[in-house]
Amino acid sequence: MYMYIFVLFIILLNGILNGKKRKVFVISSFALIILVAALRKYTVGIDLAEHYASRFTAIANLSWEQIPTFYMIHTYDFGFLIFDKLLGYISDNPQIFIIATSVIIYGSVARYIYRHSENVVMETFLFFTSFTMMMYLNIIAQALAIAILLFALDYLASKKYAMYALIVLLAALIHSSALICLGFIPLTFLPNKRKYIIRYIILLLVLLLGLDEIVNFLTKTVFQQYAYYFESGSYHGSGISISFNSLFQISMHIITILIAVIFMKRGGVFDESRLTISEHRKRSFFSKTYHLSNIPQFTTNFLLYMSISAAVFRILAYQSYIITRMGFYFYFFSFTLLSRATRSIRNASNKRIITGFIYIYMLIMFFIFYKSAGVNSYGVLPYQFFWQ
């Protein structure tokens, strides 16, 4: 029952002890997260218990000739079926599926945070306390697509758009909703000017007004595997009800946007076209230092537009739950922006206050909604090891 609280405690303790050592903190923290995810029982996660585990065994035992028929009958994307079939050569035991997907998903998140976060402790903390870690235990196919996208982001930051688009198409073979990530490319060109931000928000509002028609068109053409959600009248097709938990999810992105605009605009950080993250280490035998990494980063403008998008997708969930599934590709950018924004605050007193507020606020919200999110939203409580 308290497994996730224990992991959160270790992450915070690790941040105190190793927070200034990027690689040490990220590897040790996510090694624990991967271990907890990989050793969970197939009952931990609503979708895992309902279909991923049983269908993996079925797919593993199919012949290659039967795969197309299975694809026509079920809602899995073709690439995900191929992934399951190849993994089935190792074993048809669902635990192999759980281990492999845990390593890929959380290993990819760890790599992204290490390469792109300006505050690895805060971003890992936000990833966990926002329940994103729990969510990935449940939405496994889409989480795999997100994991592939996280690798593609290196090319997006480097402006290698063709390679980025190619990898996004690969992710779409696992979960076709990843096609929405092709829309990230034009957002890299938008400047941080009031008129552009207003126009972008208006565009999103227009999409909101025409949401029913847009969703109906997409589910009949691009995302056909979601059509039955709406036809059956299931909760996926209806909007979520207003709750304190849903308002908390929206508030994370609103707070991020406000902190970024207030503090980073003053410092002129929005005007930086490209940022890099570098780390220096001393060799164990020699005393000279060297660059561990020098990686192209996203502009703060891009992160701001992505955070605005994330907030809008959270709000759109009140009209249709399925829209929040599209938003999963946007949400983690708010963590990156917030990590960068807090680090850019020049006044030491303001920095302590804002940083302290974020940690306290997220901890309070985590403990308030820990049980309801873990049980009702994702089905990851109670936690059980696979041998239990």
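What share of the 388 residues in the chain is buried? Colleagues, the structure before you is a predicted model, and in it buried residues make up 54% of the chain.

Let me begin with the overall picture. The chain contains 18 helices and 2 strands. Its accessible surface comes to about 18000 Å², and carbon and sulfur atoms contribute 66% of that area. As for how the chain meets itself, consider the contacts with a separation of 6 or more: 75% of them are between residues 24 or more positions apart.

The largest nonpolar core comprises 123 residues. Those with the most contacts inside this core are Tyr 4, Tyr 106, Tyr 136, Leu 153 and Phe 184. Let us take Tyr 106 as an example. Setting aside residues up to four places away in sequence, Tyr 106 touches Phe 30, Ile 33, Ile 34, Ala 37, Phe 127, Met 133, Tyr 136 and Leu 137.

Finally, I would draw your attention to Met 362, which lies in helix 18, spanning residues 348-377. Is Met 362 buried or exposed? Its relative accessibility is 4%, so Met 362 counts as buried, the cut-off being under 20%.

Note on methods. Residues numbered from 1 in each chain as written. Predicted model: local features only at pLDDT ≥ 70, side-chain atom pairs only at ≥ 80, totals over all residues. Heavy atoms only, no water. Helix = DSSP H or I, 4+ residues; strand = E, 2+ residues; numbered from the N terminus. Buried < 20%, exposed > 50% of the residue type's maximum accessible area, 1.4 Å probe, protein only. Core = buried A, V, L, I, M, F, W, Y, C linked by side-chain atoms within 4.5 Å. Contact = heavy atoms within 4.5 Å. Areas by Shrake-Rupley, 256 points an atom, 1.4 Å probe, with all protein chains shown as cover.
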